[in-house]
Amino acid sequence: MSLRTIVLTGASGGLGRALAAELAAPGRRLLLCGRDPDRLAAAAAAARARGAEVDLLTLPLTAPAAVAAALVAYDRRHPIDLLIANAGVKTGQEHGCEPIGESERVIAVNLTANLHIVQAVVPGMRTRGRGRIALVSSLAALSPHADLLSYSATKAGLRAYGIALRRALRGSGVGVSVITPGFIDTPMTDRHLGPRPLTLPPETAARIIARGLARGRAQIAFPALLVALVRLEDLLPRPLGDWIDSFTRARTLPDADEEARR
């Protein structure tokens, strides 16, 4: 698949910034989406240094209708070949308790906004008979984490949506990839105070994802050892699986937005 125009959400930091740099190349146009203009500008500068043309969209994903409208307009000007729905958040919680308002924010960003974004792009891709949608889920979708309640739920929902969308678009020329990474060394992961097995640098994760997308893979899950362990855990009797999971318990610190509202 020729990738001339790529849209990437959550491009201002962590995995998104690494993906922007990894996918940037001469002859490519990137639309980088995020809400922090300074960090987004830094990501754009790195992508431009690799030869890509870069446009920026700084609307918050908590205004999904506005973001969707902007993407529809962008697709008319620059037909989108690849959409990577990467943006995500998680809230702080302890002992099974999350602030209700923060859980709603996680659902709005991780699930609702991504569905709006995808549906803004799919019609144009279907009309052209080509393109790819990539949804960044998490291994927490396969093995829900006791200390990532709403995050696990939304990532599981996004994974299910991606699988359903792939089946709905079969034969249309539009592909769908569901990306399920483990821990990646990002500021979001820094807030996870507990075991973080096989944590990968964002640049390594970006290379794995880019390689999988180039091969048109429907499922891109990594690291392989952790994926295997997660799948094995799911086959065990539930009491045993829950006991094993107890060794991964953690405390999740609130992010800056949550702190500001306290």
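**Charged side chains in close-up**

R29 is buried, as its relative accessible area is 19%; here buried means under 20% relative accessible area, exposed over 50%, and partly exposed in between (1.4 Å probe, protein chains only). The model is predicted: local features need pLDDT of at least 70, side-chain atom pairs count only at pLDDT 80 or more, and totals for chains, interfaces and linings use all residues. Residues are numbered from 1 along each chain as its sequence is written, and side-chain values use heavy atoms, with hydrogens and water left out.

**Figure 1. A salt bridge between R29 and E53.** The structure holds 10 salt bridges, each defined as a side-chain nitrogen of Lys or Arg within 4 Å of a carboxyl oxygen of Asp or Glu. Between E53 and R29, the closest N and O atoms are 2.8 Å apart. This pair links distant parts of the chain, with E53 in strand β3 (residues 53-57) and R29 in strand β2 (residues 29-33), 24 residues apart. Helices (H or I, at least four residues) and strands (E, at least two) are DSSP runs, numbered from the N terminus. With a relative accessible area of 46%, E53 is partly exposed.

**Figure 2. A salt bridge between R249 and D147.** The closest N and O atoms of these two residues lie 2.8 Å apart. D147 is buried, with a relative accessible area of 2%, whereas R249 is partly exposed at 40%.

Figure 3. Elsewhere, salt bridges that share partners join R29, E53 and D55 into one network.

**Figure 4. A patch of positive charge on the surface.** The patch gathers R207, R211, R215 and R217. Patches are made of residues with over 30% relative accessible area and no salt bridge, like charges being joined within 9 Å and nonpolar side chains (Val, Leu, Ile, Met, Phe, Trp, Tyr) within 5 Å. Lys and Arg count as positive and Asp and Glu as negative, while His and the chain ends are not counted. R207 lies in helix α7 (residues 202-214). Because its relative accessibility is 40%, R207 counts as partly exposed.

Technical notes:
Areas by Shrake-Rupley, 256 points an atom, 1.4 Å probe, with all protein chains shown as cover. Charge placed at Lys NZ, Arg CZ, Asp CG, Glu CD.
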